[in-house]
Amino acid sequence: MGMSETLKAIADPVRRDILEMLKLEKKSAGEIAEKFHLTGATVSYHLSQLKKADLITENKYKNFIYYELNTSVFEDVLTWIYQLGGKNKDS
């Protein structure tokens with residue numbers, strides 16, 4: 001996934017809250033939905049956008065799907081931001 005999709009995904013405050021939740025541990029969609037006053041369909045949409053941006057992964061266990069952070073994408077974003085702030089050798 002490209003940088004623009006990643007930045008678009010994290011621009012939404014609900015998605016950032018979901019990422020904060022997943023920072024601590026993996027959670028099922030139901031556990032995530034419990035924390036928000038949103039419909040299940042809306043939470044599902046946010047999860048799909050995060051998954052599309054490759055910010056989270058899903059693993060199925062029995063009848064549940066658990067979501068967790070994909071930290072490698074965050075490392076790529078941080079590297080890109082760090083490089084933006086770097087000095088050009090020619091200046």
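**View 1. Helices H2 and H4 sit roughly perpendicular to each other (65 to 115 degrees counts as that).** In this predicted model, the axes of H2 (residues 13-24) and H4 (residues 40-52) come within 10 Å and cross at roughly 75°. Axes here are lines fitted to C-alpha atoms, for helices over the stretch in contact, and angles run from 0 to 180 degrees between N-to-C directions. Helices (H or I, at least four residues) and strands (E, at least two) are DSSP runs, numbered from the N terminus.

**View 2. Here's who meets whom between H2 and H4.** Val14, Arg15, Ile18 and Leu19 from H2 meet Tyr45, His46, Leu47, Gln49 and Leu50 from H4; contact means heavy atoms within 4.5 Å.

**View 3. Three strands make an open sheet, in the order E1-E3-E2.** The pairing is antiparallel, and two strands pair if DSSP finds at least two bridges between them. E1 (27-28) and E2 (56-61) stand at the edges with a single partner strand each, so one side of each has no neighbour in the sheet.

**View 4. Zoom in on E2 and E3, joined by 6 bridges.** E3 covers residues 64-69, and Leu69 in E3 is the bridge partner of Ile56. H2 packs on this sheet too, touching E1, E2 and E3, and its direction makes about 95° with that of E3.

**Notes.** Residues are numbered from 1 along each chain as its sequence is written, and side-chain values use heavy atoms, with hydrogens and water left out. As this is a predicted model, local features need pLDDT of at least 70 and side-chain atom pairs count only at pLDDT 80 or more, while totals for chains, interfaces and linings use all residues.

Conventions. Angles under 35 degrees count as roughly parallel, over 145 as roughly antiparallel, 65 to 115 as roughly perpendicular and the rest as oblique.
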